[in-house]
Amino acid sequence: EEPPHTGRLALYLLGLQATCPPLSPHRSLVTWLKYYLEEEWTGEGQRGHPITSYYQYGLGVLALCVHRKRVRDQVVRQLLTAQHHRRLGHGDNTVDTEAVVALAFTCLERRRLVGTELAAKLRLAAHEASRNMAKAQGPDGVIGNIYSTPWALQVFLATGECQTEPAFGQAMAALLENLEAFGTAATMAQVLPVLHGHSYLDIASWHCGEEPDTLTPLDMEPLPEVPGNKMVQLVVECPLPWCYDLQLYDRLVPVPAAASLLDVLRAAAVLDPREFRFHTQDTPQGPFLTQVLGLEARQEKRNYWQILSAPNTPLQMGIAEYRPPDGATLILRLSEW
């Protein structure tokens with residue numbers, strides 16, 4: 001069966017609410033989101049985790065709250081229990097997920113969509129998440145990774161800790177230094193509210209009648225041409241339990257100097273059509289690597305294709321945005337999340 005589109009529908013409804021639409025067109029979509037959350041909750045009870053992920057699960061609760069719709073206490077308590085037992089994820093993914101969950105908790109408590117006792121627990125959990133955001137900050141000011149940082153900043157803003165938490169100013173400075181990383185509509189949607197001192201919670205109190213129509217077309221300038229070529233070492237790794245041979249592919253790939261990682265993958269497929277093949281999936285964040293050498297990363301197996309710059313530095317940008325330097329070694333590694 002196809003998994004529920006919880007996260008995608010939640011983001012769509014958040015964006016729809018921000019555009020101040022008439023009430024009628026999206027009521028059925030809200031009903032579908034409530035249905036998806038019930039499906040997720042059933043999956044959590046049977047498998048020990050949602051059918052999709054806690055990130056999508058949290059986004060669903062947040063979107064319904066912004067639309068001022070109640071969800072069952074059991075659905076909310078599942079998220080609360082997962083956070084308490086630190087089951088929200090691993091590595092940088094934890095920052096994104098815990099931030100989304102904290103925003104959902106703060107929204108439910110602020111909009112009084114839960115009882116007094118549960119609201120008090122959600123308030124404590126949101127502030128705990130805020131402290132975890134600060135602990136996850138690196139020496140460069142980034143929290144998790146550059147794409148997780150806007151989510152963490154939204155938590156500081158939503159909980160009111162942006163005035164007292166030193167990590168807020170450091171993370172904002174890091175964000176301003178890396179704005180070129182936010183080149184897709186989805187990543188821009190995460191960073192723009194923060195740059196204006198807002199979080200997604202503010203969508204719920206938007207005064208639509210006061211909003212002038214100020215949208216204007218944006219003329220995108222093409223990237224400057226970079227002359228010459230470069231060589232990129234492309235390595236594919238598949239550790240146990242999925243494979244017996246750790247290194248499945250290792251090849252020097254010549255590409256134009258301005259080539260992105262996606263261009264490198266395409267060039268490798270042309271060079272070695274029998275040895276190298278890959279597939280991507282289009283997402284709001286851009287193309288996402290789903291299959292390499294016939295090995296597919298699957299939601300139910302809880303694995304994904306991690307991209308690293310040798311020896312062990314995770315990639316901070318999407319495959320279509322990242323432009324590896326000449327002589328770089330890039331590793332595609334099937335990993336567990």
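Student: What should I know before I start?
Tutor: This is a predicted model, where local features need pLDDT of at least 70, side-chain atom pairs count only at pLDDT 80 or more, and totals for chains, interfaces and linings use all residues. Residues are numbered from 1 along each chain as its sequence is written, and side-chain values use heavy atoms, with hydrogens and water left out. Helices (H or I, at least four residues) and strands (E, at least two) are DSSP runs, numbered from the N terminus.

Student: How do I read a sheet, and what is the order of the open sheet of 3 strands?
Tutor: Strands of a sheet pair through backbone hydrogen bonds, either parallel or antiparallel. Two strands count as paired if DSSP finds at least two bridges between them. Here the order is S3-S4-S5, and the pairing is antiparallel. Strands S3 (278-283) and S5 (295-296) stand at the edges with a single partner strand each, so one side of each lacks a neighbour in the sheet.

Student: How many bridges join S3 to S4?
Tutor: There are 6, and S4 covers residues 286-292. Phe-278 stands opposite Val-292 in S4. Thr-280 stands opposite Leu-289.

Student: Which strands make up the open sheet of 5 strands?
Tutor: Its order is S2-S1-S8-S6-S7, with mixed pairing. The edge strands are S2 (247-256) and S7 (313-314), each pairing on one side only. S1 (residues 229-237) and S8 (residues 329-336) pair in the parallel sense over 5 bridges. The bridge partner of Gln-233 is Thr-329 in S8.

Student: Which strands does helix H10 lie across?
Tutor: Contact means heavy atoms within 4.5 Å. Axes are lines fitted to C-alpha atoms, for helices over the stretch in contact, and angles run from 0 to 180 degrees between N-to-C directions. H10 (residues 261-271) lies across S3 and S4, at about 150 degrees to S3. H10 also lies across S1, S2, S6 (303-309) and S8, at about 110 degrees to S2.

Student: How do H3 and H4 pack?
Tutor: Two packed helices are described by the angle between their axes and the distance between the axes. H3 (residues 54-66) and H4 (residues 73-84) pack at about 135 degrees, with axes 11 Å apart. Angles under 35 degrees count as roughly parallel, over 145 as roughly antiparallel, 65 to 115 as roughly perpendicular and the rest as oblique. H3 and H4 are therefore oblique. Tyr-54, Tyr-57, Gly-58 and Val-61 in H3 meet Val-75, Gln-78, Leu-79 and Ala-82 in H4.

Student: Where is the chain buried?
Tutor: Buried means under 20% relative accessible area, exposed over 50%, partly exposed in between (1.4 Å probe, protein chains only). In H7 (residues 149-159), 11 of the 11 residues are buried, so H7 is largely enclosed by the rest of the structure. Just after H7, Gly-160 takes a positive phi of about 80 degrees. In S4, 5 of the 7 residues are buried, so S4 is also largely enclosed.

Student: Which residues of H1 are buried?
Tutor: Thr-6, Gly-7, Leu-9, Ala-10, Leu-13, Leu-14, Leu-16 and Gln-17 are. Just after H1, Cys-20 takes a positive phi of about 55 degrees.
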